[in-house]
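Here are a few exercises to work through with the model open in your viewer. Try each task before reading its solution.

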Amino acid sequence: MLKQASLVLRDGTTLDDLIMQDTNEVSLRVMTDEELYGHEMERIFAKTWLLLGHESEIPKSGDFIVRDMAEDNVIIARDREGGVNVSLNVCPHRGMRVCLGEAGNKPIHQCIYHGWAFKPNGDFIGAPVERESMHGNNVDKATLGLKKARVHLYGGLIFATWNIEGPSFDDYLGDIKYYMDQLFCRTDNGLELLGPPQRFVLPCNWKVPGEQSGSDGFHTLTLHRSLMEGGVMGGTAETIYDQAPGMYGVDVSCEQGHSLRCLEAEKTFKMFADIPFEGKSTEERLNLLTPPGITKEMIPELFKNLSEDQVEQLATFPPQVGGMFPNILIAFIFAPRTDGGSSGALALHTYVPRGPNHVEFVNFIFAEKDAPEQMKRDMLQNSVQQTGTSGTIEQDDADVWPVIMRNARGGVSKHMTLKYQALHGHERPEGWKGGGLLYPGFTKDDTQWNWWMAYHKLMSES
Amino acid sequence: MTWVTKSTAAPDSTTILRGLSSRRRVPVGSEVYNRLLETLYDEAAVLDERRFDDWIAMLSPDLVYQAPIRLTRTGANKDRDVMRTMFHFDDDYTSIMMRMGRLQKSAWAEDPPSRCRRFVTNVRVGECDTPGDYEVVSYLFLERSRGDNPHNETLTAERRDIWREQDGAYVLAKREIIVDQSVLGMSNLAIFL
């Protein structure tokens, strides 16, 4: 049974009062409301698939990392059979964290409080002084394991959910999978994480960066003006609004709230060199402008792992930035270097809620596993210099978000609205092969509104 | 100096390397020590006062400027907590110049600018194998004031530097900033450490 808009806050405010579908507005109050935050923990973060890391972080049996599924701390460990397990890092005995380190290798995880011990897959082994049955006299050991999450590996990315019987990962991805595959499932040996993620905490609600991850292309032109001034995106400071570099393309989205901005390669390429694509085959185009992270030697692998249509898109309209609902940002960016190189930057972020007023920004930096060592080195530098803590692009985002958050606290300001009224409407470009909701032309608010609609849908279901 | 950065996310590659590695100590109060200490004080003032051209003049063109991330570790590996495969800063002279160019234009993260005060203490100096190169290890305590926020953002770190004698002054050839937080409490690093 569908219970639409069943969410009512204690003061009588409904979800539809906060997310106004007739005018495409969202009340700023959503960013600070503690009651709403409590519902988000249950209705979104305990229900949907969440990104935790990459299996290249735990290559060997017994390897583990510790991450957060919103405010629930989990252990991600590889077992002896090679499987990846995600278990709640809460001892079922007295609630202590079982694993206190952030990463390492342990065949057994033993709680330091009373010594209960667990396998990498979360199964309970026993409590000390076996003869005294300190786990209880009449309790089946099989019931005393760490609480296990449901796990799915996608292109080596580790996703997990507490929704054991819920939608499959493919259902969660929906029509965006066709496009995501072009980024995450395109080579024989896939991606690898170049190191553990950068982590830092911002004083703002998770939805402030969250809604931006729904493919806010427009802010690049203004907030990231220094990209244009520095010549990274083509044009000069004087021609920013005339040329609007990076603004035109096809934004793709789906009802699950995910989205990607597919920018025309020829136009992106023109920013760096004037070689037209006309009359050139997919393979020739890929050789002219290899997607970020791909070497010319890897091009045959693209044809092997993707459909012909997918490769053609990757050569002409490569997905570059976007996100997965609720809290993932994707950046596969062409990153020309000042020294002339252009190996690109591949980064994923998760925006992990830390209470209603804070978010942890987790920055994962990738390269193709089979890329040459020097290319990995270049890509690490590109990503660190452009994204995350010191990244010249995202420094500016991190400066804006906490200020929006402060505004959302004002008795008057919190009733102001975020506006998503520059809408294009779904339109299928001629000859476009992929599915989903499509928005060709100048990047607008459609994909971010779809992000809020996905939020509305989950928050309506108790 | 070459940096071998073997890319891997697996934490086994973590090293313990901290502090001063040179065995030829430059004693506190000696002329070289005093001049290097003066250089560190001058550098802190240059950065606090945002005199970036003066800072560039203190950098060697072969500069390596990195801030590895920290991890929380336990057990036998509890001291292997500096991950030199991932960084908060991973820069060289060229990229520092790129950051400088940006700061002159629309770098909103520092416009309006932070008001920073860098406290540099616990300075230890050793001689490198290359004559004229000195290994300088210091503690950094940074207080950063932003906008009308009455609470400063702070950061503590160990800095492992190589300073090179050149034309009667010292230039920075290498800096490794080992921050103490595994999760930074500072919302960006739009400033230099």
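**Exercise 1. Find the residue with a positive phi just after α13(A), and then describe the helix itself.**

Solution. Step one: in this predicted model, step past the end of α13(A) to A:G388, where phi is positive, at about 70°. Step two: go back to the helix, which covers residues 373–386 of chain A, 14 residues in total. Step three: check its length. From first C-alpha to last, α13(A) reaches 20 Å, close to the 20 Å expected at 1.5 Å a residue.

**Exercise 2. Decide how enclosed α13(A) is, and name what its buried residues pack against.**

Solution. Begin with the cut-off: a residue counts as buried if 20 or more other C-beta atoms lie within 10 Å of its own. Next, apply it along the helix. Eleven of the 14 residues pass, so α13(A) is largely enclosed by the rest of the structure. Among them are A:K376, A:R377, A:D378 and A:M379, as well as A:V384 and A:Q386. Finally, look at the neighbours. Within chain A they are β19 (345–353) and β20 (359–368), while chain B brings β3 and α3.

**Exercise 3. Work out which elements of chain B build its side of the interface with chain A.**

Solution. Start with the totals: 45 residues of chain A are in contact with 39 residues of chain B. Then sort by element. In chain B, β3 (82–92) and α3 (93–103) each supply at least two residues, and β3(B) gives the most, with eight. Last, classify the residues on this side of chain B: 18 are nonpolar, 15 polar and six charged.

**Exercise 4. Trace the sheet of chain B and place its helices on it.**

Solution. First, follow the strand order β1-β4-β5-β6-β7-β2-β3, which gives an open sheet of seven strands with mixed pairing. The edges are β1 (25–26) and β3 of chain B, each pairing on one side only. Second, zoom in on β4 (115–127) and β5 (133–145) of chain B, an antiparallel pair joined over eleven bridges; B:R124 has B:V137 in β5(B) as its bridge partner. α1 (31–48) of chain B lies across β1, β4, β5, β6 and β7 of that chain, at about 160° to β4(B). α3(B) lies across β2 and β3 of chain B, at about 85° to β2(B).

**Exercise 5. Judge how compact chain A is.**

Solution. Chain A holds 15 helices and 22 strands. Its radius of gyration is 23 Å, close to the 23 Å from the globule rule for 462 residues, so chain A is as compact as a globular protein of that length. Buried residues make up 51% of the chain.

Methods
Residues numbered from 1 in each chain as written. Chains lettered and ligands numbered in written order. Predicted model: local features only at pLDDT ≥ 70, side-chain atom pairs only at ≥ 80, totals over all residues. Helix = DSSP H or I, 4+ residues; strand = E, 2+ residues; numbered from the N terminus. Rg over C-alpha atoms; globule rule 2.2 N^0.38 Å. Buried ≥ 20, exposed ≤ 12 C-beta atoms within 10 Å, placed from the backbone. Contact = placed C-beta atoms within 7 Å. Nonpolar A, V, L, I, M, F, W, Y, C, P; charged D, E, K, R; others polar. Expected span 1.5 Å × (residues − 1). Pairing = 2+ DSSP bridges. Axes fitted to C-alpha atoms, helices over the stretch in contact; angles between N-to-C directions.
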